[in-house]
Amino acid sequence: MVTLCKKIAEAKWFQNFIISVIILAGVLVGIQTYGEEVAQWTTIIDAIDWIILIIFTLEVIIKITAEGNQPQNYFKDAWNLFDFFIVAACFAGPFIGDNAEFLPVLRLIRILRVFKLVTALPELQLIVGALLRSIPSMAYISLLLGLLFYIYGAMAVFMFGANDPIHFENLQIGILSLFRVITLEDWTDVMYINMYGCDNYGYGGNEALCTNPSGSPIIASLFFVSFVLIGTMIVLNLFIGVIMNGMDEMKAETEIKAKVERKAKDDGTDLKNEMHLLIDKVDSLKEELSLLSHLYENERNGKPVLQEVYKYKQVNGEP
């Protein structure tokens, strides 16, 4: 049973089948978002949903059984834990029922089943693993980016707050406006307002807020261009660099694990071959000992040794 489950769990067709079921589960969740438009198909949708849940449950059972006498090894893999949580949480659905308080949670769990696609595709596991590995380094870059926003936000309030109260009335609004700038979403409009003054650009329909217009062409251009260059071209690219470094580390780790597994399999094969050779040698030694014992008995009884050797070989089919 363990061998059969192990073969099924490692089979390519089984992995492709699970991927197909995950995609079907994702499509089913998408269909359920249409509400009243698919209300007449509720019975069929619920039946398919239960079939999908049963398949995922069988997948968990097969993988746990494949571990043999050490089923706890299944739970040592974070991806397996995620699969187990999704299946266990889905079984809580009937107990939740139509309770309006818990219904959004149940729907969220059904949506999370689509994330099982990550556990089914090693390539996606590599990417997600690289992102998770990069979190500690990304935290420091986020701190650097936060300092950049804070410094530039305070500077913007002091320099442009009077002219542009919509974007730089206070620190929190200034930081939010700078977030818009760093995403490059119409950031030039924010710059032009402070270059030419709110009375000449950008405050059409909001003239009542433009109480103290004052343009600063040089200061505004230097301020926003420097912020875009530092924030977008340098700091944000550090995130990409950290993620790429995490990808390289994950690839190297995956290759090492693959080599170790291959070596373990090769060593296991070599060990089996050596065991077969030893068994053959033991059998040969047993035959030789049997022959020597037979000759010794014949010698004690005074029988011709060579004749007895010839008879022994004829009986055992030896030339």
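Tutor: Happy to! Let's start with helix α2 (residues 12-32) and helix α3, which in this predicted model pack at an angle of about 145°, their axes lying 10 Å apart. The crossing of α2 past α3 is left-handed. On the α2 side, the contact is made by F14, F17, I18, V21, I22, L24, A25, L28, I31 and Q32. From α3 come I45, I48, D49, I52, I55, F56, E59 and I62. Sorted by class, this contact of α2 with α3 has 15 nonpolar residues, one polar residue and two charged ones.

E59 forms a salt bridge with K63, and their closest N and O atoms are 3.1 Å apart. The structure holds one salt bridge. Why do these two partners sit about one helical turn from each other? Because E59 and K63 are four residues apart in helix α3 (residues 42-65). Are the two partners buried or exposed? With 4% relative accessibility, E59 counts as buried, while K63, at 22%, counts as partly exposed.

To finish, follow α2 back to its meeting with helix α1 (residues 2-10): these two pack at about 60°, with axes 5 Å apart, so α1 is oblique to α2. Here I8, A9 and E10 of α1 touch K12, W13, F14 and Q15 of α2. By class, the contact of α1 with α2 has four nonpolar residues, one polar and two charged.

Technical notes:
Residues are numbered from 1 along each chain as its sequence is written. This is a predicted model: local features need pLDDT of at least 70, side-chain atom pairs count only at pLDDT 80 or more; totals for chains, interfaces and linings use all residues. Side-chain values use heavy atoms; hydrogens and water are left out. A salt bridge is a side-chain nitrogen of Lys or Arg within 4 Å of a carboxyl oxygen of Asp or Glu. Buried means under 20% relative accessible area, exposed over 50%, partly exposed in between (1.4 Å probe, protein chains only). Axes are lines fitted to C-alpha atoms, for helices over the stretch in contact, and angles run from 0 to 180 degrees between N-to-C directions. A crossing is left-handed if the near helix is turned anticlockwise from the far one by less than a right angle, and right-handed if clockwise. Contact means heavy atoms within 4.5 Å. Ala, Val, Leu, Ile, Met, Phe, Trp, Tyr, Cys and Pro count as nonpolar, Asp, Glu, Lys and Arg as charged, and the others, Gly among them, as polar. Angles under 35 degrees count as roughly parallel, over 145 as roughly antiparallel, 65 to 115 as roughly perpendicular and the rest as oblique.
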